[in-house]
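Welcome, and take a moment to look over the chains before reading on. The notes below go from confidence to fold and then to the places where chains meet.

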Amino acid sequence: MNKKHKTVKATKATRKPQKAAKVSAGQALSVATSTKKTVMQRVAALADMPLALRENDENLSAVINLLGNKNEPAEVRMEAVQSLQTASFSVATFAPYRGEYLATLRKVAQDPNQELREAALGVLARVQDGFAQKKLIEGLQTPDKALLPPEQALQLLSYDVHADAYSVARDIVDNPPSTEARREALRLLGSDTKAAPLFEKILLDKNEVTEIRQLSASALQSLNPQKLQTHAREVVLDPNEEDDLQATCLTALTHFGDSAALAQDATLRKRVQELSDKAPKQTKQGAKQYLEKYQ
Amino acid sequence: MNVELQINNSANPNANFVTWAPSPCRIRVTDPTGATTPTVSIQITQVNVAGGGAVRFRQGTTGAFANSLTLTVPISGVSVPFFIAGRFGQPSSNLGDVRIQARVGTTLVGSVRLMVRIRKNAVSPSFTAGERSRFVSALAVLNNQGLGRFTDFREMHRVPAALNQAHGRPGFLPWHRAYMLDLERELQAIDPSVALPYWRFDQPAPSIFTPDFLGGFNGTLNVQFSANNPLRFWRTDGVTGILRRPIPAFNLNLAPPGVLNEVGTLGLSTSYGPFRSNMESNPHGRAHTRFDTTSLVSDVTTAPRDPLFFLLHCNVDRLWAKWQRTNNRFDSTVPASYDSTPSPAGHNLPDTMWPWNGITGGTRPPTAPGGTLATSPCTTAPGLSPRVRNMLDYQGIVNAAARMAFDYDDVPFA
Amino acid sequence: MPSVMTKVLLESEFATLVKSLASSPTRNDSLLDLLREDHPYYDQRSAAAVVRMRGWVLLALARSPLPDKALLYVLEELDTGIDSYLVAAAARALRAYPIPHASFAPFVLRAITNIRYQDEPLVLERYGEYAESLTGTSPLGELLATLVWLGSQAQSVRAEIKALRTPPAGLAGRWWPALDGLLKRLPENNVPLASDSQACCELPSGLRHVFPWPRYRAEAVESIIFEDHTGVRLTFQECFSGQPSIVVFFYTRCDNPLKCSLTITKLARVQKLLEERKLSEQIRTAAITYDPSFDLPERLRVYGQDRSLTMNPQHRMLRVMEGNNALHEYFKLKLNFIESLVNRHRIEIYVLNADGQIAYSFERLHWDEVELVARANEVLEEQNIKPLTHSAKPSGGWRDTLPVLGTLASLVVAIFPKCPLCWAAYLSMFGIAGLEQIPYSPWLQPLLVVVVLINLASIWLRERTAGGFAGFYLATLGALAIFASKLPFDWKALAWWGVGLTLAGSLISVLRLSVLRLSLLLIQRKLR
């Protein structure tokens with residue numbers, strides 16, 4: 001199921017900025033659903049559709065059918081998802097078709113085409129659909145059943161903090177199938193209060209890659225702000241620390257720190273002054289912002 | 001001798017901001033030492049500051065603007081009114097980068113610094129690095145890692161009952177204008193130099209999608225931020241980060257595909273009804289869905305979790321403003337200015353708008369997050385609990401008191 | 001209160017269990033027990049899994065006449081549910097109630113309002129299955145079927161039904177035939193009778209969501225330490241002693257706006273009412289989070305501020321720092337967790353007296369701010385009339401629950417001053433007879449059964465001394481009648497026969513013993 005299918009390329013028709021559509025919904029729909037037309041023509045017709053969909057809301061059903069039809073080209077079905085998402089912004093108009101749309105997306109979520117699966121699971125995950133959550137967690141626990149790569153599944157599960165994803169995310173942190181999966185598992189755990197000690201440990205571990213330590217700083221700032229403020233100060237004071245991590249820590253202190261305490265912290269100010277004079281660009285900028293606020 | 005110059009008729013320095021629409025100002029003599037006559041002739045001019053904004057003056061509510069203005073001011077301390085407007089095409093980039101001087105003859109008797117605070121296209125170079133940095137900082141502070149006032153803005157645009165106050169019906173544009181204005185004023189309470197920038201989604205805008213601004217795209221769903229971008233701490237619904245990925249057809253160095261361009265949008269109709277219903281779908285809906293379905297911004301319930309949402313909607317509002325300018329649709333009593341088909345509560349001209357009206361239950365959502373609309377030291381419009389009809393005349397063209405103290409860099413005042 | 005219990009039951013096993021319980025003789029009680037949010041089966045499940053499980057239980061209940069005791073759970077879902085599956089299951093379950101009642105109509109209407117933009121196809125026949133086509137039912141379909149089932153009992157909401165049929169704000173055209181059919185059955189000019197209109201706004205007889213409590217204060221609450229929205233640490237005593245308090249529970253990560261967000265919004269309105277009535281200095285308010293590890297003081301403050309809540313030393317937002325279990329135990333909170341995060345909870349509002357004892361609770365359904373303030377004021381006035389004393393034990397006075405029986409109990413005590421054990425036993429009889437009206441009776445039940453047995457033993461001892469066992473036989477018959485009334489049949493009247501027989505038996509035994517003692521006394525005096 002994980003086999004990546006050909007990515008839908010930008011067509012000439014979709015790249016071209018659109019003029020006000022003159023076609024009716026019926027005309028656009030008949031082109032979009034016609035197997036005699038080229039894929040490019042059909043995609044272009046669908047791109048015109050949102051403008052005309054409101055002329056007859058039954059057109060939404062026709063586009064939903066197009067999305068669910070496995071015999072249709074993936075490019076056309078992908079464009080159908082985009083059109084339907086556009087239509088979904090009119091909540092009241094779209095409401096009668098929402099059920100049909102969700103049911104179809106559940107089918108599409110199991111399609112052989114990964115891009116379509118991603119698209120369908122993306123919509124479903126955002127509405128915190130139980131079906132999508134179950135499938136995504138199942139896939140993380142049993143990779144053979146995975147509909148998406150683990151990092152993507154974790155990203156989609158992060159749409160619902162009430163999804164049962166923390167334990168599987170912890171397992172992935174312990175035994176990561178890839179660095180991307182580990183990073184996304186950590187990101188997901190950023191809303192788990194029990195994970196604060198884990199983020200503290202990673203932040204202080206100089207063997208960890210900077211990106212993961214930065215991510216840990218963000219998570220810790222939310223889960224235990226006091227700890228982050230303490231460690232951020234230590235990181236900035238440490239002459240052997242990573243430049244980017246120091247810049248991130250300076251940002252945390254500048255924007256979210258305890259203003260009263262920082263204004264009194266002469267040691268830190270002295271160190272930041274040094275960084276503002278001779279440090280790489282990012283750190284220097286961070287240092288200047290800090291000094292603007294606390295000097 | 002000394003004089004006091006008050007911008008927006010206020011002594012509050014946070015009121016020292018003007019837009020293209022004329023701001024009411026006044027001057028009065030605070031120290032008449034040296035004066036020999038009951039009145040003095042005072043000339044008001046702008047001192048040019050490199051890279052700064054530019055303003056113009058006029059004495060009354062009508063008439064031509066000039067680069068300087070001579071006023072006869074009594075030495076008794078009584079104020080004399082006049083107007084200042086930003087010079088179209090020359091907005092400020094920094095706080096107080098416009099300096100106004102008052103002189104009696106060649107003697108300087110008073111001065112004030114102000115800013116032509118204008119909503120700009122978010123691409124560089126028109127939107128400077130400094131503006132970008134101040135904007136993301138204010139936004140990050142408003143969010144305060146999910147703890148700040150930003151949560152109200154997220155909640156306002158979340159559940160279906162709330163979304164029906166804002167979408168799918170005539171109130172779409174007025175509601176979002178109030179929403180943008182509320183957010184912008186909250187940002188200005190943090191940093192008064194900030195104006196909401198807009199994303200022109202019918203043009204290439206690669207500088208928006210960078211790690212220093214709203215996040216870079218490196219193939220994964222989570223956007224990347226530079227080490228000192230405070231948006232790396234952005235947190236909504238308890239989750240850190242922003243999930244946003246362009247659809248494969250959208251090359252971030254180019255304009256997003258399939259989005260109706262400005263000319264097309266302005267040409268949709270000269271009547272509000274069809275203009276609104278079509279533009280809500282394309283370009284508005286289309287711009288949202290130029291990011292794939294896994295992205296926050298591409299779904300109506302999650303879109304405000306991505307700061308890009310506010311730049312996107314700022315542009316939607318700009319298009320409405322431009323359409324209003326093109327077709328002179330500021331007067332709510334003119335039928336073509338709005339869609340008067342009877343609509344659910346919140347969408348008719350006389351209706352108050354949720355959540356700023358605080359009304360809950362019945363035809364309105366169960367809760368009203370955020371309280372009344374944020375106030376501005378520059379104007380009293382559109383009020384704490386605006387009605388739909390209050391949102392049309394944003395420049396105060398029909399009624400000068402309706403001026404909301406925001407303008408767009410490419411939409412002039414009359 | 002996260003449990004350490006692991007997932008011992010697979011969802012498929014749970015589904016099978018529900019199926020088997022549904023056909024057991026004690027089906028209703030067993031299934032109802034599964035609707036407790038704090039049931040261990042829900043521990044460490046995702047919110048979506050809890051939805052599937054609870055929905056399945058509601059659907060099992062819907063397959064037979066719905067018992068009165070299940071009504072509150074069903075109406076709760078219609079009142080505040082935002083999940084399609086649970087709302088649909090609740091709508092179907094309501095139709096299993098023996099008779100349509102006018103009071104149901106506003107709940108069904110509310111559910112339609114809550115769910116109308118989230119309608120989706122559902123599979124209710126098989127556990128855990130999600131619809132992949134339009135066949136089958138949907139929450140709107142179920143809710144409209146329930147409205148049709150209510151028929152003329154929906155008269156009070158005719159105007160709202162008409163609005164649902166009217167574009168552009170009404171429902172989609174596919175629902176119009178059902179609405180038209182219903183509207184034909186509801187005469188336009190039929191103004192409901194006064195009694196009907198009252199019925200529409202009240203819950204069916206015997207059902208309520210406001211509960212008086214046996215006022216007591218557990219010793220364990222002394223171990224509770226809170227931190228308020230400013231970071232100040234306070235004991236339970238400091239928070240809740242000295243003045244009555246209104247206490248609500250919530251958590252900031254709750255994604256049902258009809259629960260926590262609305263609760264805090266309404267608490268702000270309660271504060272305004274207190275202010276208007278000049279009670280805000282005499283009655284405190286507190287909002288306690290279920291999620292203390294995540295809801296740090298700043299989060300609490302911002303959440304309250306966003307909902308216009310007044311926060312000061314008299315009105316606080318709190319998170320528990322120590323004694324979390326004691327807090328849950330004291331308030332009998334009904335919720336469960338996934339990790340540290342709540343996966344399901346009910347609405348829980350309390351009025352505490354000046355001793356920190358719970359006087360009333362408002363549970364599950366939406367509560368009225370005015371009524372809540374009135375209850376708190378009642379408690380305040382009680383305190384002004386009679387200064388309260390700190391009590392660590394149940395006072396034994398279920399005053400509002402059983403006022404008449406309370407008087408009778410006093411009479412019994414007056415008649416039998418030398419028999420405190422019997423006094424307790426009589427109270428137990430009344431207690432058992434009316435257990436379903438008392439909150440949290442499950443924890444009282446075993447205790448009261450023991451007391452009944454003690455009563456029987458004491459009668460037997462008295463009868464043995466006095467000679468003859470008529471009183472004992474009557475009391476035994478009475479006890480059996482009370483226990484039988486608890487069986488899952490419609491034998492509730494037996495409870496009151498049981499109480500009568502127990503009283504009669506006790507009266508006979510005590511009178512005979514008194515006569516015997518009086519005789520002995522006279523004999524002794526004569527001998528002197």
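pLDDT is the predictor's confidence in each residue, on a scale from 0 to 100. Two residues are in contact if their C-beta atoms, placed from the backbone, lie within 7 Å. With those two terms in hand, here is a part of chain C to treat with care: over residues 193-200 pLDDT stays under 50, and the model has twelve contacts beyond four places in sequence for them. Residues 1-7 of chain C also stay under 50, with eleven such contacts.

This is a predicted model, in which local features need pLDDT of at least 70 and side-chain atom pairs count only at pLDDT 80 or more, while totals for chains, interfaces and linings use all residues. Residues are numbered from 1 along each chain as its sequence is written, and chains are lettered from A and ligands numbered from 1 in the order in which they are written.

For chain C, the mean pLDDT is 82, and 77% of its residues reach 70 or more. The complex receives an ipTM of 0.88 and a pTM of 0.84 from the predictor.

**Inside chain C**

Chain C has 20 helices and ten strands (DSSP runs numbered from the N terminus: helices are H or I with at least four residues, strands are E with at least two). Of its 528 residues, 46% count as buried, where buried means 20 or more other C-beta atoms within 10 Å of the residue's own, exposed means 12 or fewer, and partly exposed lies in between, with C-beta atoms placed from the backbone. Among contacts in chain C between residues at least 6 apart in sequence, 72% join residues at least 24 apart.

How many residues of strand E8 (residues 341-345) of chain C are buried? Five of the five are, so E8(C) is largely enclosed by the rest of the structure. Strand E7 (residues 335-338) of chain C runs antiparallel to E8(C), joined by four bridges; strands pair if DSSP finds at least two bridges between them. C:Phe337 has C:Val342 in E8(C) as its bridge partner. Two residues lie between the strands of this hairpin, where C:Glu339 takes a positive phi near 55°.

**Where chains meet**

Chain B touches both of the other chains described here. Its contact with chain C takes 15 residues from chain C and 14 residues from chain B. On the chain C side, H12(C) gives the largest share, five residues. Between chains B and A, 57 residues of chain B are in contact with 56 residues of chain A. H6(B) gives the most to the chain B side, with eight residues.
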